[in-house]
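Have the model open as you read.

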Amino acid sequence: MDNVIRRRTPGARLARAALYAVLIVAALFYLLPLVIMLLTSIKPLDEIGAGTLLALPQHPTLAPWITAWGEACTGMRCEGVGGYFWNSFAIVIPAVAISTVVGALNGYALTKWRFRGSELVFALMLFGCFIPFQVVLLPMAQTLGWLGLSSSRAGLVLVHVVFGIAFTTLFFRNFYVAVPSELVSAAKLDGAGFFRIFWRILLPVSAPIIVVSVIWQFTQIWNDFLFGVAFSAHDTQPVTVALNNLVNTSTGVKEYNVNMAAAMIAALPTLVVYVLAGKYFVRGLTAGSVKG
Amino acid sequence: MRSLLRFPLKKTLLGLAVTGAVASSPVQAGEVEVLHWWTSGGEARAANVLKELMEAEGHTWKDFAVAGGGGETAMTVLKSRAMSGNPPSAAQIKGPEIQEWGDLGLLGNLDDVAKAEGWDSLLPEVVANIMRHDGHYVAVPVNVHRVNWLWANPQVLDEAGVEVPTSIDEMFEIADDLREVGVIPLAHGGQPWQDATVFETVVLAEAGSDFYRRALVELDPEALNSETMIDALTTFKRMRTLMDDGMSGRDWNIATSMVIGGQAAMQLMGDWAKGEFTAAGLTPGEDYVCVPAPGTESAFTFNIDSLAMFQASDEEAQAAQDDLARLVLEPTFQEAFNLAKGSIPARADLDMSAFDSCAQRSMADFKATSENGGLVPSMAHGMAVRASVQGAIFDVVTNFFNDPDMSPEAAAERLANAGSSLL
Amino acid sequence: MSTSLSPARAARAPAKRSALGTLSDWLPRLVLAPSIAVSLFFVYGFMIWTFVLSLTNSRMLPSYDFVGFAQYAQLMANDRWWVAASNLVVFGGLFVGICLVLGAGLAILLDQRIRQEGSLRTIYLYPMALSFIVTGVVWKWLLNPSLGLQAMVRGWGFESFTFDWLVNPDMAVYTLVIAAVWQASGFVMALFLAGLRGIDDSIIKAAQLDGASLPRIYARVVMPCLRPVVFSAVMILSHIAIKSFDLVVALTGGGPGYASDLPATFMYTHAFTRAQIGLGSASAMLMLGGVLAILIPYLYSELRSRRHG
């Protein structure tokens with residue numbers, strides 16, 4: 001598939017130059033907002049209003065980053081966004097782990113142990129992806145109250161798991177569909193049970209799709225603001241709430257450099273995940289994608 | 001709804017009662033979780049005074065700040081917390097919304113502290129009425145904002161050779177001179193609430209406070225769909241000619257910074273704008289001018305922030321709430337907070353010498369207008385009508401302002417519908 | 001990422017039914033049961049609850065004071081609702097369409113043995129990692145005529161360059177498309193790239209030997225193989241389009257006026273900001289109905305055609 005335009009004729013060279021040009025222009029389009037954020041975050045405040053967005057800083061400074069991390073006010077606490085990181089991780093890690101495990105088991109059961117109505121079950125769960133979160137806010141609040149989980153981390157984890165398993169099930173189901181069933185059938189004949197087959201046959205080949213599921217869930221949950229703000233208490237707020245308090249404050253002087261630095265700090269974990277695991281991401285999608 | 005809420009509420013009460021019993025100390029020390037949207041640096045520092053006062057009395061302050069859209073996000077959080085039967089002890093709620101929360105039976109009672117502190121005499125009647133539900137105090141006022149201010153850059157006006165306008169007509173008259181020196185006459189941000197702020201100010205200027213009250217507070221359809229309203233709408237749309245093209249979606253403080261920087265000459269905005277001027281190191285009367293919005297000298301559109309108290313679970317919590325309510329009105333906090341916020345204290349008996357000339361004028365006008373009937377609630381800031389009606393009016397106003405084809409007659413008719421047709 | 005139904009049929013019938021066999025027949029269902037229960041309660045239960053609320057005159061918090069279909073009647077008469085609904089059609093259509101074209105295009109280009117493919121791929125993909133709470137401000141700057149692109153290009157000497165979509169009521173919704181495409185198209189690219197890598201080289205070689213031109217090979221041979229990818233991409237993109245909320249709030253706030261409102265923001269504004277939970281619920285139900293009306297036929301035809309193909 002990848003040796004299509006490779007003949008070394010002048011025309012082909014021109015085509016390759018054009019190819020690179022297009023790719024680089026596209027890259028610039030995608031990078032533009034990030035570059036502006038980065039430039040703004042290292043400018044002193046008085047330079048921001050003065051120059052254009054892409055103007056290089058005259059006196060670059062790291063002060064906004066330091067302020068954003070440890071000093072900016074997010075309400076009456078002026079401790080920056082740094083302290084909220086722990087809250088976010090405490091929510092994200094269990095929620096990602098649980099929803100991935102559940103999704104894997106679901107996908108396995110739906111593909112290798114089909115039963116009457118399993119397609120319907122899948123369709124029903126799939127539709128869960130499409131319910132707007134604003135709709136579920138109030139009933140969810142009520143339910144969490146009933147469960148005694150309101151304003152707790154456990155409650156937030158539950159919410160994220162509940163609305164995450166639709167996607168993780170989708171990922172794993174589509175991946176396992178492509179895993180040859182003959183192995184599973186043979187194992188069944190040998191008397192291997194449900195979990196044993198999963199553990200011995202499916203799990204060892206699941207690494208790519210686990211990466212996909214983890215990346216997806218990590219991004220979704222880390223970036224969530226609505227649930228994070230509605231179902232947390234004063235001491236369990238995730239970092240997006242702190243960021244929102246910085247960025248969306250409507251009175252007082254807007255310290256754009258600090259806002260941008262805070263925004264980038266808050267986005268760092270997801271960015272790191274994408275950069276480090278991006279390769280596996282595409283690989284995982286490949287493995288599960290088109291073999292239908 | 002009430003019955004639904006009661007069950008989880010009781011459970012929380014029980015839980016808190018247990019912890020309270022363990023942690024009881026001679027000075028009834030409780031904790032208050034306060035939901036608010038004082039998130040900007042200046043506000044936060046000012047509100048911190050309250051936190052320190054509370055802590056000095058031995059209470060614990062749990063801070064729950066949520067910024068966004070003038071408290072919209074915070075209100076969503078509050079509803080979600082109320083649904084889960086776990087509301088905070090106190091929340092920044094204002095205007096008619098206090099009544100709605102009161103109707104749901106969720107608010108506590110501050111009558112004891114109100115009586116002990118003499119709120120009935122301390123608070124102006126207009127303010128006290130908003131804080132009471134069904135005759136009982138349920139909330140405590142934090143400050144009084146004046147909405148109908150005009151902020152102007154005197155250097156720019158001088159350069160163009162014009163005076164600070166005293167009527168809407170004069171604003172139009174000086175516009176050409178200002179344009180000639182390359183200045184935008186009126187800085188504005190095209191967000192619905194800002195459009196509505198200009199709109200209500202124009203109505204007040206063109207038709208006076210009695211008409212304002214009839215139309216935008218009592219929602220009299222005859223006033224809303226009247227010749228007077230049509231004239232006011234026409235003038236309102238004409239205000240567009242004073243503004244620039246880039247206004248859409250602009251935050252109000254960006255508009256203020258245009259006045260500070262001299263790109264624009266004036267802005268119609270509430271007194272929270274003062275914080276921007278102060279932060280830029282400017283002095284009122286010299287570097288910038290604050291005057292009542294042209295044509296509204298004898299009126300005062302108020303916007304009052306308040307903290308409403310949710311039903312306390314036990315004595316400690318009740319004591320903490322009472323102390324919080326008392327401390328909010330104490331001079332220490334009133335002065336510190338309002339100096340930072342640009343507003344004036346909610347009690348009329350304080351010495352205003354620490355405040356600047358704008359705030360002093362505001363206080364004088366507040367007292368005068370509460371006598372002569374010029375004191376009106378701000379529709380644009382949720383003090384006059386229910387949120388649903390306010391939203392419907394916003395839709396008409398902002399749509400009319402942005403749609404070149406919509407006639408003032410049609411807008412007036414839709415205003416009348418907006419005021420009456422909601423379920 | 002495909003949702004193909006064809007294989008794995010063989011897995012269905014274990015040869016013997018021992019006592020263990022019955023248990024393992026039930027085990028999959030037991031494993032799925034919690035997820036099914038959770039879906040039924042948290043998705044379908046909440047939908048029913050929302051439907052019930054749409055028949056009441058709930059204001060600030062839910063109440064059970066039934067008013068029949070009055071909220072729906074009011075919604076039908078609400079100008080703003082129609083703006084929001086038609087915006088979703090425009091926004092959703094353009095967003096999904098452009099993302100597919102751009103994603104597929106970039107994937108094809110990136111699949112030509114490009115140097116630095118890894119870096120480029122990461123660059124295209126990273127916007128998906130950021131929420132609009134983070135990037136909204138920058139986009140607002142970029143699109144603002146007096147601050148962003150327009151000012152920049154004019155600064156380079158093109159005085160008449162105009163890019164004022166953000167402030168133009170007729171065009172504001174397209175600014176949402178730009179930012180949304182920026183965020184999601186890289187992800188679609190990754191899907192397509194993965195799909196391309198999964199195609200058997202021999203099919204293409206065969207087509208090349210037949211003398212087919214390159215564009216023709218892509219159009220006739222490669223693209224049909226990528227149908228499952230398109231399906232997955234459409235599902236994910238339409239899910240993003242329908243849920244677009246942060247984007248609108250951060251970028252346009254629904255303005256100018258309410259010209260760029262979308263159903264999700266309409267619903268939120270009415271249910272929460274304006275204390276009209278009844279009306280907000282009615283709009284949510286119509287929104288879900290619309291989603292169903294579009295998705296079910298698509299799902300059905302996709303799954304069906306694949307079963308027979």
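## Helix α10 of chain C

Keep in mind that this is a predicted model. α10(C) is built from 17 residues and spans 24 Å from its first C-alpha to its last, close to the 24 Å expected at 1.5 Å a residue.

Which of its residues are buried? In α10(C) they are Pro228(C), Val229(C), Phe231(C), Ser232(C), Ala233(C), Met235(C), Ile236(C), Leu237(C), Ala241(C) and Ile242(C).

## Packing against α7

α10(C) (residues 227-243) packs with α7(C) (residues 172-197), their axes 10 Å apart and at an angle of about 165°. Angles over 145 degrees count as roughly antiparallel, so that is how α7(C) and α10(C) lie to each other. The crossing of α7(C) past α10(C) is right-handed.

On the α7(C) side, the contact uses Ala184(C), Val188(C), Leu191(C), Phe192(C) and Gly195(C). α10(C) answers with Val229(C), Ser232(C), Ala233(C), Leu237(C) and Ile240(C). Sorted by class, the residues of this contact are eight nonpolar, two polar and no charged. Val229(C), Ser232(C), Ala233(C) and Leu237(C) turn up here and are also among the buried residues of α10(C).

## Where chain C meets chain B

Chain C puts 31 residues into its contact with chain B, and chain B puts in 25. On the chain C side, the elements giving two or more residues are α2 (70-76) and α12 (263-273). α2(C) gives the most, with three residues.

What is the class make-up of the side of chain C that touches chain B? That side has 13 nonpolar, 13 polar and five charged residues.

Methods:
Residues numbered from 1 in each chain as written. Chains lettered and ligands numbered in written order. Predicted model: local features only at pLDDT ≥ 70, side-chain atom pairs only at ≥ 80, totals over all residues. Axes fitted to C-alpha atoms, helices over the stretch in contact; angles between N-to-C directions. Helix = DSSP H or I, 4+ residues; strand = E, 2+ residues; numbered from the N terminus. Parallel < 35°, antiparallel > 145°, perpendicular 65-115°, else oblique. Left-handed = near helix turned anticlockwise from the far one by under 90°. Contact = placed C-beta atoms within 7 Å. Nonpolar A, V, L, I, M, F, W, Y, C, P; charged D, E, K, R; others polar. Expected span 1.5 Å × (residues − 1). Buried ≥ 20, exposed ≤ 12 C-beta atoms within 10 Å, placed from the backbone.
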